[in-house]
Amino acid sequence: MSARRRATVSRNTKETSIDVDLDLDGSGVVAVTTGLPFFDHMVGQLGKHGGFDLTVKAEGDLDVDAHHTVEDVGIALGHVLGQALGDKTGIRRFASMSLPLDEALVDVALDLSGRPFLHYEVEPQLAEEFWRAFATSAAITLHLRLRSGKNPHHILEASFKGVARCLRDAVRIEGGGVPSTKGTL
């Protein structure tokens, strides 16, 4: 692998201003500030457990509610992932796992297919909006399913860590060419 797989995206709307920098070949150095400390903690899991260097700086209309910030961060993260992946030459493409966190167990499966799809069987709903925005903007297929759990913090953290670990596996370079019989993803 000669070139670093890195991208930077800025997204500015009347509701949010977001800057994201992602290095897929980083070492898990993370800095996330969105004005929502718990959300910062969750998004930080993507970089740390994905093994990516990730910087997210977001300002949003939190006086209205958290929705715009959460959804727009998902959009920006999806775009930056897609750009960092480039033409996806040599990537592993698929990954899945069950991730436990105390009493919570979440199944995650993804495909860096170029076809956006989200199947989501986890609560709470605002996280679903984040994952839908992320999967759509990154053009990936993402399945998240809660197998067990009661503590919302554990459930959400298991979800973010599971996606991070699957992304870590799926973006891994393990061959040449694009992993598709179509010749493109």
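L62 touches T34, G35, L36 and T69, leaving aside residues up to four places away in sequence; contact here means heavy atoms within 4.5 Å. L62 sits in the loop between β4 and α2. Helices (H or I, at least four residues) and strands (E, at least two) are DSSP runs, numbered from the N terminus. One of the contacts of L62, G35, is 27 residues away in sequence, and the two C-alpha atoms are 7.7 Å apart in space. L62 has a relative accessible area of 32%, so L62 is partly exposed. The cut-offs, with a 1.4 Å probe and protein chains only, are under 20% relative accessible area for buried, over 50% for exposed, and partly exposed in between.

Before going on, the ground rules. This is a predicted model, in which local features need pLDDT of at least 70 and side-chain atom pairs count only at pLDDT 80 or more, while totals for chains, interfaces and linings use all residues. Residues are numbered from 1 along each chain as its sequence is written, and side-chain values use heavy atoms, with hydrogens and water left out.

Next, helix α1, residues 37-50. Its end C-alpha atoms are 20 Å apart, which agrees with the 20 Å that its 14 residues should span at 1.5 Å a residue; the expected span is 1.5 Å times one less than the number of residues. Its buried residues are F39, D40, M42, V43, G44, Q45, L46, G47 and G50. Those residues pack against strands β3 (30-33) and β4 (53-60), and against helices α2 (67-85), α3 and α4. Just after α1 comes G51, with a positive phi of about 75°.

Buried or exposed? K88 is buried at a relative accessible area of 8%, and R93 is buried at 9%.

Now the core. A nonpolar core is a set of buried Ala, Val, Leu, Ile, Met, Phe, Trp, Tyr and Cys residues joined through side-chain atoms within 4.5 Å. The largest one has 55 residues, and L77, W131, L142 and L144 touch the most other members. Helix α4 (residues 152-170) gives this core its largest share, nine residues. Beyond four places in sequence, the contacts of L144 include V106, V108, W131, S159 and V163.

On a 1 Å grid over the protein atoms alone, a cavity is a set of points where a 1.4 Å probe fits but cannot get out; a pocket is an open set with protein on both sides within 12 Å along at least five of seven lines; and lining residues have an atom within 4 Å of a point. Points are joined across faces, edges and corners, and a volume is the space filled by probe spheres set on them.

The largest pocket holds about 170 Å³. Twelve residues line this pocket, with F38, F39, L126, A127 and L156 nearest its centre. Helices α1, α3 (125-138) and α4 each supply at least two of the lining residues.

How many cavities of 30 Å³ or more does the structure hold? One. The largest cavity has a volume of about 90 Å³, and its lining includes L46, L77, F134 and L167. Helix α2 gives the most to that lining, three residues.
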